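Please have a look at it first.

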Amino acid sequence: MKVAQKHCRTIWPDARCKFVQIIDQTKLPFAFEIVRVQSLEQMVHAISTMQVRGAPLIGVAAAYGMALAMLEDESDAYLAQVAELLIASRPTAVNLAWAVGRMVAALQAMPHTRRNFTAWRLAANIAEEDVAQNQAIGQHGFELIKSMYQNQLIKDRPFNILTHCNAGWLATVDFGTALAPIYAAHDAGIKVHVWVGETRPRNQGAFLTAWELAQHGVPHTVITDNAGGHLMQQGLVDMVIVGADRVTANGDVCNKIGTYLKALAAFDNIVSNQRIPFYAAVPSPTIDWALTSGKDIKIEERNGDEVSSIQGLDKGGKLQTVRVIPLESSAANPAFDVTPARLVSGIITEKGVFAPQNLHECK
Ligand code: MRU
């Protein structure tokens, strides 16, 4: 996608395969900074501190993390150690374990001396596949939006899509998952408007989704996380599209905390004579076929400081972090929740759109 009119991806290797560059997402939207990641240790840091985040991007970052590690040591013992370290860096997004597993399988089959070269090539392949998958998701999702837009009962207003967290191009290598259909619809001339839930505690909606939609010129409005249900009752939401960190074989959707409440509210409200459709847009590596239900997902518990404080610019334009709860209070911070398949209208993948009960057809 474009930043200030220039095409940009979220991660890319240097031409000589010695380091990787990333956009530091902890600085957005207040600063656009590119960081050089030169070692496995720095990549683990980038993933765990969320300089890179979003399930597909975490997977690609981990693949490049393995490539960086192979510059240091190509032995079997180190390969196993590196895999363990990367998988532990963030637990919920299955793309991380998927990408690491794929790299380990390919590298184990190689003589030690060729591992370094193969690792960089394979990481680049995983990145390219992500881009192609997201582009295809965009097309399938666009068809859905187009047909709903045409069947909309009230014609003289934009098609309102609510999203949560950031599942745009910043969460992937390019294009995004939940936002890919929105970009495609906007580019095709459909009048879309996006309700962007701010997504406390880290504000990925307010900081990242709003920023990238603005870069692309897509009309949008940031709302508090609790406003979605009210807007649905007012008939102001035509569709919900979110990304996911993991979808289980039965169609349960694990995504950023608060997604479940949006799905419940969509299920309880009617628009254009139907329940408000709730879709998750995911590339196939986000589907965890090994888990039969979302109840088995280990949810990441992050530091309570993310809840007890908030970041923003002060009136002088200086970035400040301020405490927002009493000094005596503690904070809990479960980062993801599971939306049961019964609340999900469909899963948009690169292979097409599937009802949760038919998800196996996408295997
Ligand atoms: O904690 P984050 O910012 O990594 O969480 C990201 C999300 O929850 C996204 O919605 C999800 O990973 C899908 S990304 C295409």
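This is a predicted model: local features need pLDDT of at least 70, side-chain atom pairs count only at pLDDT 80 or more; totals for chains, interfaces and linings use all residues.

Let me begin with a question: is Glu-129 buried, partly exposed or exposed? With a relative accessible area of 30%, Glu-129 is partly exposed, where buried means under 20% relative accessible area, exposed over 50%, and partly exposed in between, using a 1.4 Å probe and protein chains only.

Residues are numbered from 1 along each chain as its sequence is written, and side-chain values use heavy atoms, with hydrogens and water left out.

Glu-129 forms a salt bridge with Arg-102, the closest N and O atoms being 2.8 Å apart; by salt bridge I mean a side-chain nitrogen of Lys or Arg within 4 Å of a carboxyl oxygen of Asp or Glu. Arg-102 lies in helix H4 (residues 94-108) and Glu-129 in helix H5, so the pair ties together parts that are 27 residues apart in sequence; helices here are DSSP runs of H or I with at least four residues, strands are runs of E with at least two, and both are numbered from the N terminus. Arg-102 is itself partly exposed, at 26% relative accessible area.

The count of salt bridges comes to 13. In one of them, the side chains of Glu-128 and Arg-9 meet at 2.9 Å, N to O, and this pair links distant parts of the chain, with Glu-128 in helix H5 and Arg-9 in the loop between strand E2 (6-7) and strand E3 (11-13), 119 residues apart. In another, Lys-27 and Asp-24 have their closest N and O atoms 3.3 Å apart; here Lys-27 is partly exposed at 32%, whereas Asp-24 is buried at 2%. There is also a network of salt bridges that links Arg-90, Arg-202, Glu-300, Arg-302 and Glu-306.

Turning to the helix contact, the axes of H2 (residues 55-72) and H5 (residues 115-151) come within 8 Å and cross at roughly 170°, the axes being lines fitted to C-alpha atoms over the stretch in contact, with angles running from 0 to 180 degrees between N-to-C directions. The two helices are therefore roughly antiparallel to each other, a term that applies to angles over 145 degrees. Contact means heavy atoms within 4.5 Å, and among the residues that make it are Tyr-64 and Leu-68 of H2 and Trp-120 and Ile-126 of H5.

Finally, the aromatic rings: the structure holds five aromatic pairs, counted for rings of Phe, Tyr and Trp (its six-membered ring) whose centres lie within 6.5 Å, with planes under 30 degrees apart called stacked, over 60 edge-to-face and the rest tilted. Phe-32 and Trp-211 have ring centres 6.0 Å apart and planes at 20°, so the pair is stacked. Phe-32 is partly exposed, at 35%, whereas Trp-211 is buried, at 12%. Tyr-149 and Phe-159, by contrast, form an edge-to-face pair, with 6.3 Å from centre to centre and 85° between the planes. Tyr-149 lies in helix H5 and Phe-159 in strand E6 (residues 159-163), so this pair ties together parts that are ten residues apart in sequence. To close, Phe-32, Trp-169 and Trp-211 form one aromatic cluster.

Definitions and conventions:
Angles under 35 degrees count as roughly parallel, over 145 as roughly antiparallel, 65 to 115 as roughly perpendicular and the rest as oblique.
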